[in-house]
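Please keep the structure in view while reading.

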Amino acid sequence: MRPGGDTTAALRGAAERRWAVLAGIWVVLIAAPFWLPLVHGYTSLGSRILVLGLAAMSVNFLIGFTGVVSFGHAAYFGLGVYGAGMMLRYVTASTPLALVAGILLGGGAGVVVGAMICRSRGIYFAMITIAFEQIFYYIAYKWDSVTGGYDGLRGFQRAPIHFGLFTLDIKHSDLAFYYFVLVVFAIVAGVMGFLLRSPFGRTLLAIRENERRARFLGIAVDLHIWLSFSISAFCIGAAGALYAMVNNFSDPSSLYFDLSGDLVIMAVMGGIRSFWGPLLGAAIFEVLQDYISSRTVNWLFFIGLVFVIVVMFFPRGLLGMFQRRRAA
Amino acid sequence: MSAMLEVRNVSKHFGNLVAVKDVSLRVAKGELRAIIGPNGAGKTTFFNLITGFFAPSSGEIFFDGRNVTRLTAPQRVKIGMARTFQITEVFPELSVNENVRIAAEVTAGYALSPWLSAERGRSIEQTVAGLVERVGLADKSQRAVGELAHGDQRAAEIAMALALRPRLLLLDEPTAGMGEQETYQIAGLIRKLHRDESYTIILVEHDMRVVFHLADRISVLDQGMLLADGTPDEIAADRAVQEAYLGKAA
């Protein structure tokens, strides 16, 4: 038996390690435009990775931290894409308003759909999420006059942001845009991280771990799953809005089932028990796609191969290995 | 003494099967009551009626003077009837501290709180540390519950139940499937909660040594009926009980 002092010291050590890791991650992200060229990357690839990483982290809020699997989260991502695109195209060339429109459209749809499905579990839940996604996809696909139909919505561009004294020209500068994306990423990821460390966040972990026990502690499980689903939809809506600005284009495939699957793959590859895992998964996915798709049209085959290898050798994902070290 | 729990003429049918038949009993405040009986005697069904897993087919159940017959299990938990399960029900990948903390936070009404003030956070942490200490897991508080030994998992589960601030603790076969050492550990813990902290406890138990060692009073069920009710000495001397357990020839 160890004396109590050791436990306290071990706790403090763990907390310090956590802060060090967090600081390291942010240094890497802030410095990315400077080290990316050294490894044959480029700044706009960094922006893409942040955006898809944020989307995968939002999906993982539900899968990894609530224990509920959605295979239809591209719906709320895509609605974010269209919300931002339509704001820029039809209403006003304002980047902040486009962001808000994307968040509200994606999140609002998540609130409504979540209320309808939060009583379902497991495979039924997953299937219904796919069904709703298909509905949103076909609306975007068919409603030519508003969404641009099959061709997607074009004819808008992200707009420079005016701060009174100075202007952040995210329209022409990839570097400025990267930092804009990073700030939004930091806020949204920060909200998710904050919530997961709160009493509410712990009830989500409890539901993931043992729903029956959670219910008998007096946690209103359906309500908490609905809230988690909605939060996750608002966050992925933000990622979608950014995605519209990455491409200056709202693409119906951003609402499609395939993307939902990609996001789950990113999360699983990085590690669903890890907060940052999905970002790493997204980075691997996007870099592979960027690198391989310029050489062969069969790039998905190679991503599949890498996915299988990761799952075989790191069943808990790449960052999953570092989780739960307290067990030792 | 006033009754913490009073069961009046409770029966439970499953179709044609009568699992519990017209059972009445009173458990006084501060008492440790054991419910025993041969396999198939209806112990688990009876326990589930008390905890609200099933509604009785007839009869009434009063908790601290209040009729709880129609309350659901989570509602009974809220008013102070906490239970543990025959198969340990914990959050396996979370630490002992986190398991107890979730129970404490939900009890304090923070289940939907996106944040806690530093003061409330400290108060919760103190509560949790105290409970973990009381069940003897202070040196394992950071370990994931799922990888602890069976006895320690049970102790963590009891700490979770205590975090609900119960006035009545209901333990469903707390030493089921345990070895000598672990049985001793858990029996010691239950005894401490009863003697030193005067919890009212009802336990269903198979292990007769545990029962006769701990209980103030014992209720014996047989074929869904209450066969006997008394102190351990009375029960040990009861012919009907001996027959139920050992057969008529004994």
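Helices here are DSSP runs of H or I with at least four residues, and they are numbered from the N terminus. The model described is predicted.

**A helix of chain B**

Helix α5 of chain B covers residues 150-163 and has 14 residues. From its first C-alpha to its last it reaches 20 Å, close to the 20 Å expected at 1.5 Å a residue. Is α5(B) mostly covered or mostly uncovered? The helix α5(B) is mostly covered, as 13 of its 14 residues are buried. After α5(B) comes B:R165, which has a positive phi, near 50 degrees.

**The contact between the chains**

Chain A contributes 25 residues to the contact and chain B contributes 31 residues. On the side of chain A that touches chain B, α1 (4-30), α9 (199-209) and α10 (211-216) each supply at least two residues. The most is given by α9(A), with seven residues.

**Two packed helices of chain A**

Helices α13 and α14 of chain A pack at an angle of about 145 degrees, and their axes are 9 Å apart. Their crossing is right-handed. The table lists the residues that make this contact.

| Helix | Residues in the contact |
|---|---|
| α13(A) | A:F285, A:L288, A:Q289, A:I292 |
| α14(A) | A:W299, A:F302, A:I303, A:V306 |

Seven residues of the contact of α13(A) with α14(A) are nonpolar, one is polar and none is charged.

Conventions. Residues are numbered from 1 along each chain as its sequence is written. Chains are lettered from A and ligands numbered from 1 in the order in which they are written. This is a predicted model: local features need pLDDT of at least 70, side-chain atom pairs count only at pLDDT 80 or more; totals for chains, interfaces and linings use all residues. The expected span of a helix is 1.5 Å times one less than its number of residues. A residue is buried if 20 or more other C-beta atoms lie within 10 Å of its own, exposed if 12 or fewer, and partly exposed in between; C-beta atoms are placed from the backbone. Two residues are in contact if their C-beta atoms, placed from the backbone, lie within 7 Å. Axes are lines fitted to C-alpha atoms, for helices over the stretch in contact, and angles run from 0 to 180 degrees between N-to-C directions. A crossing is left-handed if the near helix is turned anticlockwise from the far one by less than a right angle, and right-handed if clockwise. Ala, Val, Leu, Ile, Met, Phe, Trp, Tyr, Cys and Pro count as nonpolar, Asp, Glu, Lys and Arg as charged, and the others, Gly among them, as polar.
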